[in-house]
Amino acid sequence: MSTTINIALSKGRILEDTLPLLARAGVEPLEDINKSRKLIFDTSDADVKLTVIRAADVPTYVQYGAADLGVSGKDVLMEYDGDGLYELLDLKIAQCRLMVAEPEQLAKNDDPKNWTRLRIATKYVNIAKRHFAAKGIQTDIIKLYGSMELAPLVGLSDRIVDLVSTGKTLKANGLVEVEHIADISSWLVANKASMKMKHKKLKALVEQLAIAVQDQS
Ligand code: AMP
């Protein structure tokens, strides 16, 4: 088995916040990932390559061993709900919260304790189903791929389940947070077989990343 370690990442917030942590662990891409259309990048560590893919695909690549490690939002991991990977390390980056939100007007006379049936627009279909089912609340879930904040404004749904960071996007669209589902950050995940087969190299890398995470906070 090759000793190369493949790390799956996605462009945007995760890449931006993970690169400084990797650099502290001695892993730096040899070219600017944001300026390239390549999908696999060599790094300053001859044994480590970075693979750049869609955020929602990271758990799949890691579960099936197409990547040994990955960096994935807890939201993506919760929605994926696979059991073929280890969640190794909270990188404490891309921190935000997964919330139920609704129009300010509706929130004035609304109490989550009285919810019995909800019409929710979200890209987090599995998480929303699980969350409300656990509370005995029935749901009509409408799957969207983005701009969830629009759904209540155009009558597609009453409420949304979405990530909130500063709260500016909700506010700009007349929405307010009404229920907290989970605190979210990005995690380092690992393929289970890789952890056995490439243990020495992975252990060293994970330890260095753990130190980098501590130093960043
Ligand atoms: P904000 O206006 O700062 O509350 O950001 C909210 C918007 O950014 C929503 O559309 C979210 O889906 C998205 N967002 C916020 N935090 C994250 C994150 N950590 N990862 C991905 N998307 C996020």
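**Ligand site and a salt bridge in the predicted model**

An N or O atom in the side chain of T169 lies 2.5 Å from an oxygen atom of the ligand, a polar contact being a pair of N or O atoms within 3.5 Å. The ligand has 490 Å² of accessible area on its own, of which the protein covers 74% (Shrake-Rupley method, 1.4 Å probe). A polar side-chain atom of D162 is placed 3.2 Å from an oxygen atom of the ligand, and a nitrogen atom of the ligand is 3.3 Å from an N or O atom in the side chain of R13.

The model is predicted, with local features requiring pLDDT of at least 70 and side-chain atom pairs pLDDT 80 or more, whereas totals for chains, interfaces and linings use all residues. Residues are numbered from 1 along each chain as its sequence is written, and side-chain values use heavy atoms, without hydrogens and water.

The residues surrounding the ligand, those with a heavy atom within 4 Å of it, include A94, C96, E149 and K168. This shell divides into four nonpolar, four polar and four charged residues, with Gly counted as polar and Cys as nonpolar. Its largest share, three residues, comes from β9.

Salt bridges, defined by a side-chain nitrogen of Lys or Arg within 4 Å of a carboxyl oxygen of Asp or Glu, number 14. In one of these, the side chains of K74 and E87 meet at 2.6 Å, N to O. Because K74 belongs to helix α3 (residues 74-80) and E87 to strand β5 (residues 85-90), the pair ties together parts that are 13 residues apart in sequence; helices (H or I, at least four residues) and strands (E, at least two) are DSSP runs.

Technical notes. A polar contact is a pair of N or O atoms within 3.5 Å; within protein, one must be able to donate a hydrogen and the other to accept it, and residues adjacent in sequence count only if both atoms are side-chain atoms.
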